[in-house]
Amino acid sequence: MLALAAATRVKGWFSRFRDVLPPGFDMYIGLEAAARAVWAYEGERVHGLLQTEEYAREILRISASDGPKAADAEFERRVAVRMRRQEILTRSDNPVTFTVVLGEAVLHRTIGGPAVMARQLQQINERGALPNVSVRVVPFSVGAHYGINTGPFAVITFPEQGGPVTAYMDNFTGHLLTHKPSDIGRFEAAAAAIDRCALNEPASRNLINQRAKELSSAQPS
């Protein structure tokens, strides 16, 4: 825990948003910002580091159904956090190496309507073209795979002496951060199993482009 605390001493912009974040999520943002690399799996939605503002607003509106509404200042601050987090991918000083595996369902769940979703998929491929970002898709044709059991999670690694490998999971009631070696072994094994099911980057890019074109053609002329 001391090592994790040291890693999250990258005190910065996210500290002042603590009041609108889920309890403890500012710690995860700190870990994400301090990371050397993040590997993540998402089976139902686009990962936050890849979301457009339009898509993020729709996702956050769902989670805010019993709290701040779209017009509220708190909601706007949550959107701002989501967008600001993404700077770790494009910063000039040691951008984070980000590897994300998406379930194909993410491409077909039309959040915000066809136009919003088409732009979102285009942005995924734009981010995937960055040298430090890798986007891959587990296609429906694989059938059952390990990610169905795990749900979304991330494995975070840090620069040497920056902290232990850490795994993160979130769900409806809270989140889990762990660096116990036995837990990390299981998360890394799950990540390897999911990786084996995913398409390579060019095939994933083609699948994403195909879905984006389908959505674009579905829009009224």
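Visitor: What do the buried residues of α6 pack against?
Guide: They pack against α3 (53-63), β2 (97-103), α5 (105-108), β3 (133-138) and α9 (201-217), with contact meaning heavy atoms within 4.5 Å. Helices (H or I, at least four residues) and strands (E, at least two) are DSSP runs, numbered from the N terminus. This is a predicted model: local features need pLDDT of at least 70, side-chain atom pairs count only at pLDDT 80 or more, and totals for chains, interfaces and linings use all residues. Residues are numbered from 1 along each chain as its sequence is written, and side-chain values use heavy atoms, leaving out hydrogens and water.

Visitor: Which residues in α6 are buried?
Guide: Among them are V116, M117, L121, I124 and R127; buried means under 20% relative accessible area with a 1.4 Å probe, protein chains only.

Visitor: And how far apart are the end C-alpha atoms of α6?
Guide: They are 21 Å apart, which agrees with the 21 Å that 15 residues should span at 1.5 Å a residue, taking 1.5 Å times one less than the number of residues.

Visitor: Switching to strands: how does β4 run relative to β5, parallel or antiparallel?
Guide: Antiparallel, with three bridges joining β4 (residues 153-157) to β5 (residues 166-171). Strands pair if DSSP finds at least two bridges between them. A154 stands opposite Y168 in β5.

Visitor: How many bridges link β5 and β6?
Guide: Five, also in the antiparallel sense. M169 has L176 in β6 as its bridge partner.

Methods. Buried means under 20% relative accessible area, exposed over 50%, partly exposed in between (1.4 Å probe, protein chains only).
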